[in-house]
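Subject: Structure handover

Hi,

Here is the structure for you to look at. My notes on it follow below.

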Amino acid sequence: TRTRTRTRTRGLAIAGGIGLGLTMMCTYGASLLALIPAAVATRTRRFALLGLAAGSALGVLALAYVAGFDYLDGLRLTRTEYYAGVAAERPYSYALVANIAALAVILGPATLVGLTRTRGPIVHLVGAAVVAVTLANLSGLSRLEVERIWLPFALWILPAAAYAGAGAGATMTRRWLLAQMVWALAVQVAVRTGW
């Protein structure tokens with residue numbers, strides 16, 4: 001049974017790495033998602049599994065390279081085109097603040113409160129996603145487009161909402177989660193984007 005569990009865990013690490021590699025081929029921002037499994041592996045001291053996942057992700061990029069696509073060259077060219085195009089019209093300093101505001105709308109009130117109260121092992125998971133968002137924001141490559149680009153990061157920050165009522169009892173937790181639900185419905189009804 002232990003051998004079967006070990007084999008399954010390794011298989012999941014490899015599958016996760018392949019999934020990350022394929023996601024990285026769809027959007028350059030996904031490379032920052034690697035911080036999340038890295039943080040979890042560091043917390044659990046599962047460095048061999050992290051190595052398998054990283055090797056699998058790099059394997060996808062290597063196959064793309066053999067097929068004629070250079071990931072790093074593509075990233076460099078995308079950056080050049082982005083700054084020569086729409087990014088030139090979007091102020092960096094404004095985007096730094098507006099991006100975080102848009103993320104706050106996505107996350108909702110319970111998540112924002114929960115971020116200040118999150119404890120235990122989940123801190124590594126949520127913290128890694130917050131670091132990834134910070135790096136994405138500082139890169140300037142997603143100016144004023146985060147309502148869609150940052151959704152993969154928001155998914156890993158949302159578990160903080162479970163801690164919104166931490167220390168205040170189950171009733172307060174339910175109230176925060178109700179507020180989160182009302183917020184999500186209000187945003188869905190009131191906010192219109194071009195996406």
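From the N terminus on, the elements run α-α-α-α-α-α-α-α-α-α. That makes ten helices and zero strands in the chain. Helices (H or I, at least four residues) and strands (E, at least two) are DSSP runs, numbered from the N terminus.

Two points on the source. This is a predicted model, in which local features need pLDDT of at least 70 and side-chain atom pairs count only at pLDDT 80 or more, while totals for chains, interfaces and linings use all residues. Residues are numbered from 1 along each chain as its sequence is written, and side-chain values use heavy atoms, with hydrogens and water left out.

**Overall**

The C-alpha atoms fill a box of roughly 55 × 55 × 25 Å, taken along the principal axes. The chain has 195 residues, and 28% of them count as buried. Buried means under 20% relative accessible area, exposed means over 50%, and partly exposed is in between (1.4 Å probe, protein chains only). Take the contacts (heavy atoms within 4.5 Å) between residues at least 6 apart in sequence: 83% join residues at least 24 apart.

**Core**

The largest nonpolar core has 25 residues. Such a core is a set of buried Ala, Val, Leu, Ile, Met, Phe, Trp, Tyr and Cys residues joined through side-chain atoms within 4.5 Å. Leu-103, Trp-150 and Ile-157 touch the most other members. Two or more residues each come from α1 (2-26), α2 (35-44), α3 (47-66), α5 (92-107), α7 (122-139) and α9 (151-157). The largest share, eight residues, comes from α7.

Leu-103 is worth a click. Leaving out residues up to four places away in sequence, Leu-103 touches Val-133, Val-146, Trp-150, Ala-154 and Ile-157.

**α5 against α7**

The axes of α5 and α7 come within 9 Å and cross at roughly 150°. Axes are lines fitted to C-alpha atoms, for helices over the stretch in contact, and angles run from 0 to 180 degrees between N-to-C directions. On the α5 side, the contact is made by Tyr-92, Ala-95, Leu-96, Asn-99, Ile-100 and Leu-103. On the α7 side, Val-133, Asn-137 and Leu-138 make it.

**Salt bridge**

How many salt bridges does a search of the whole structure find? One. The term means a side-chain nitrogen of Lys or Arg within 4 Å of a carboxyl oxygen of Asp or Glu. Asp-73 pairs with Arg-76, with the closest N and O atoms 2.6 Å apart. Both lie in helix α4 (residues 71-84), three residues apart, about one turn of the helix. Asp-73 is partly exposed, at 31% relative accessibility. Arg-76 is partly exposed as well, at 47%.

**Two residues to look at**

Trp-156 sits in helix α9. Why does Trp-156 count as partly exposed? Because its relative accessible area is 34%. Beyond four places in sequence, Trp-156 touches Leu-33, Ile-36, Leu-125, Val-126 and Ala-129.

Thr-111 is in helix α6 (residues 109-115). Thr-111 counts as buried, at 0% relative accessibility. Leaving aside neighbours within four places in sequence, Thr-111 is in contact with Ile-157, Leu-158, Ala-160, Ala-161 and Gln-180.

Best wishes
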